[in-house]
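User: I would like a close look at a single part of this structure, followed by an account of how the surroundings are built.

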Amino acid sequence: MLLLQLLVNGLVTGCALGVVAFSFSLVYSTTKIFHVAHAGVYTLAGYLAWSLARAGMPDIVGLIVVPVVCAGFGVVIQRLLYDPLAQRRATHLVVLIASLGLLAIVQNAIAVLWSPDILHFDSTWRVQTIKLVGVTLNYAQIATVVVSVALYGATLFATRHTGIGKRIRAVASNPFLAELTRLHPRRTYAMVMALASALVAVPGMLVGFDLGLQPYTGTTVLLTGTVAVIAGGVGSLTGAFLVSIVVTVLQNLSLLVMPGQWSVGITFLIFVAFMLVRPRGLFAAA
Amino acid sequence: MTDHHRAAISDVAAAPVGRRLFTGALLAGLAGLSRHARAADPIRLGAVLPLTGPSAATGAQEQRGLQFAVTKFNAAGGAGGRMIEILYEDNQGRPDQSVLAFNKLADLNKVPVIFTGYTGPTLAMAPLATRKKVLLVNGAAQGDRLANASPYLINTLPVVRDEAAVAARYLYETGKRKAAILFQNDAAMTSGRDDFAEAFTKLGGTVIGQEQSSFSQTDFRPAILKLTSLEPDVLFVMLTDGLGALAEQVEQAKPGFTIAGTSFFADPTALRQKGSTGWIHTQVRVKAPPETAAAFKQQAGTEMDFFGIQYANAGSIILRTIAGVMTDKAELSGEAIRTKLFAIRQFNEIIPTEFKTNTASMQIDVVKIVDGKDEFVKSYTSE
């Protein structure tokens with residue numbers, strides 16, 4: 001039973017991480033920006049939802065409103081930070097540092113405006129539990145799995161079968177050609193940033209419902225997510241999502257054979273070994 | 001006397017009488033003005049706390065506690081008419097930043113006292129405190145090595161060894177024989193793990209498993225699951241943060257063992273959670289009088305938790321000592337404040353505290369959390 005519970009816990013954490021990973025992958029594969037500030041949007045979403053809940057709004061309102069606000073924030077980041085840097089032909093390193101700087105600003109602003117303390121939502125639905133086949137889950141965990149899988153499916157469908165999705169793929173594939181064919185890469189970048197920010201807001205809130213909010217946790221989540229993006233194959237949403245689940249399930253199951261302090265190290269050792277064998281990642285295009 | 005002063009006096013001696021008188025009067029006037037200005041100048045003390053970064057929640061509460069003590073002290077007239085001002089430096093909870101901050105406060109601002117916290121940063125600053133004779137005051141860190149780190153390091157609460165020993169003794173007395181440990185991987189909490197394991201084993205108990213967590217971690221489910229599978233009688237928890245999340249996840253897992261810990265369990269976030277009911281913990285006397293807690297809440301806009309109380313207490317102890325040094329008309333130095341502190345020895349500011357050594361002795365209670373409140377179980381004394 002311990003095995004099953006650890007497996008399911010890993011699956012829950014992996015689903016949330018998967019959304020972070022594939023939304024990051026969407027930004028990176030399209031804009032080529034290592035958007036570290038994505039972790040800031042993830043964190044901010046939880047705090048915005050917490051404020052709405054404190055103002056008396058049902059949690060479902062936060063789940064609908066906050067992604068829209070975060071989408072707007074994503075556009076602002078693209079327009080006021082990344083676009084000007086691109087126009088000045090800033091190197092990838094400069095853009096990365098700018099993104100890191102923005103992350104630090106967002107995290108510290110959250111600590112000042114809300115609190116550096118761990119905050120918990122007051123709502124009771126999230127801690128109510130159900131027991132299925134000996135596995136206990138609370139509603140926040142169940143919501144995390146259901147919503148994350150739904151978001152993954154919807155994003156995959158949108159990028160493959162809609163006009164916007166095809167445009168994003170075209171710009172990602174060749175921005176120069178996209179410019180010539182009037183696909184407006186800059187507009188597409190803003191669109192991708194909005195979409196990715198809205199997507200990452202959802203696990204930001206759902207994990208907050210389950211585990212509480214802390215201004216600095218987003219960084220670790222994003223770092224693990226980027227590992228999944230690389231191991232899954234850069235540009236592959238499926239790879240990012242599935243490898244995220246594999247990583248967290250492995251981390252959980254490793255507790256059966258070793259103390260917890262080794263689990264992250266061993267998981268990443270497996271990742272390093274895997275990258276030596278398949279450096280382009282699991283689902284990379286040929 | 002500096003060369004500049006010597007030159008000024010020799011110039012006066014060489015001048016004609018009238019000019020000498022005028023210059024002398026001018027110098028005397030300036031000296032008087034300087035003395036007057038100095039008497040009105042605030043007494044500046046330093047504090048090196050984690051004001052940003054993952055430990056910022058704790059650092060902010062420590063800052064509020066200190067500021068509470070200072071405000072109260074200044075409102076009562078200060079030390080010999082001089083107000084107290086604290087210069088805060090942010091160390092982000094890091095030892096390297098702490099050393100830089102310490103040097104700045106000691107060398108540039110010439111403060112005689114520096115408040116600090118966290119075992120790692122405090123240990124990093126302790127040799128500097130010895131060398132520069134600046135009194136380092138630790139209000140909350142409990143790592144065992146702090147007890148002997150420097151003659152200029154004052155710990156205003158017992159080290160974790162004392163509490164862990166009391167917890168082990170109480171748990172063994174109440175029939176617990178198999179213990180598991182969940183600890184945070186920092187110096188103080190690791191000390192706590194080792195101290196508890198040693199004390200519990202010495203009494204005849206067995207530690208059957210342990211899991212660690214990182215600071216500000218909120219997902220304890222894997223650790224709880226694994227330790228539950230070992231079927232311990234008690235889970236000894238050494239965490240300073242995330243206790244609210246732990247309580248929620250314990251409530252979800254409903255394990256059949258007792259959960260025990262130390263004074264860090266006096267966390268309002270944890271106490272609010274239903275899952276914390278039944279937790280046992282040692283408690284150095286950290287209950288502030290109700291009127292003090294209310295005044296703190298009014299000033300700081302938040303509840304007076306463990307760290308708030310500890311730093312209000314540490315601040316009050318040092319401010320009372322400084323007032324004593326001022327009354328003695330002694331020079332306000334780290335050395336003089338240290339000597340005076342041991343001369344006073346017994347303090348009854350917010351928490352009754354005695355200094356037989358550099359580390360405070362306090363009464364340690366064992367309490368049980370019931371519906372968000374501590375219920376007294378038994379009392380022991382730390383040495």
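Which residues in H5(A) meet which residues in H6(A)?

Analyst: The model is a predicted one, and the values below are computed from it. On the side of H5(A), the residues are A:Ala158, A:Thr159, A:Arg160 and A:His161, and they meet A:Ile164, A:Gly165, A:Ile168 and A:Arg169 in H6(A). Helix H5 of chain A covers residues 139-161 and helix H6 of chain A covers residues 163-173, and the two pack at an angle of about 75° with their axes 5 Å apart. Because angles from 65 to 115 degrees count as roughly perpendicular, H5(A) is described as roughly perpendicular to H6(A). In composition, the residues of this contact divide into three nonpolar, three polar and two charged.

Next come the strands of chain A. Strand E1 of chain A, residues 129-132, runs antiparallel to E2(A), and four bridges join them. One of the pairings sets A:Leu132 against its bridge partner in E2(A), A:Val135. The hairpin of E1(A) and E2(A) has two residues between the strands, and A:Val133 takes a positive phi near 50° there.

Within helix H1 of chain A lies A:Gly10. With 24 other C-beta atoms within 10 Å, A:Gly10 is buried, because a residue counts as buried once 20 or more such atoms lie within that distance. Not counting residues up to four places away in sequence, A:Gly10 touches A:Thr248, A:Val249, A:Gln251, A:Asn252 and A:Leu253. By contrast, the C-alpha atoms of A:Gly10 and A:Tyr82, which are 72 residues apart along the chain, are separated by 35 Å.

Among contacts in chain B between residues at least 6 apart in sequence, 66% join residues at least 24 apart. The chain is divided into domain 1 (3-40), domain 2 (43-159 + 287-360) and domain 3 (161-285 + 364-381). The C-alpha centres of domain 2 of chain B and domain 3 of chain B lie 28 Å apart, and 18 residues of domain 2 are in contact with 18 residues of domain 3. The residues on the domain 2 side of that contact divide into eight nonpolar, six polar and four charged.

Chain B also holds an open sheet of seven strands with mixed pairing, in the order E7-E6-E8-E9-E10-E13-E14. Strand E7 (206-213) and strand E14 (373-381) of chain B stand at the edges, each with a single partner strand, so one side of each has no neighbour in the sheet. From one strand to the next, the twist averages 25°. Inside that order, strand E9 (residues 258-261) of chain B runs parallel to strand E10 (residues 280-284) of chain B, the two being joined by two bridges, and B:Gly261 has B:His281 in E10(B) as its bridge partner.

How values were computed. Residues are numbered from 1 along each chain as its sequence is written. Chains are lettered from A and ligands numbered from 1 in the order in which they are written. This is a predicted model: local features need pLDDT of at least 70, side-chain atom pairs count only at pLDDT 80 or more; totals for chains, interfaces and linings use all residues. Domain bounds come from an automatic or database domain assignment. Two residues are in contact if their C-beta atoms, placed from the backbone, lie within 7 Å. Ala, Val, Leu, Ile, Met, Phe, Trp, Tyr, Cys and Pro count as nonpolar, Asp, Glu, Lys and Arg as charged, and the others, Gly among them, as polar. A residue is buried if 20 or more other C-beta atoms lie within 10 Å of its own, exposed if 12 or fewer, and partly exposed in between; C-beta atoms are placed from the backbone. Axes are lines fitted to C-alpha atoms, for helices over the stretch in contact, and angles run from 0 to 180 degrees between N-to-C directions. Angles under 35 degrees count as roughly parallel, over 145 as roughly antiparallel, 65 to 115 as roughly perpendicular and the rest as oblique. Two strands pair if DSSP finds at least two bridges between them.
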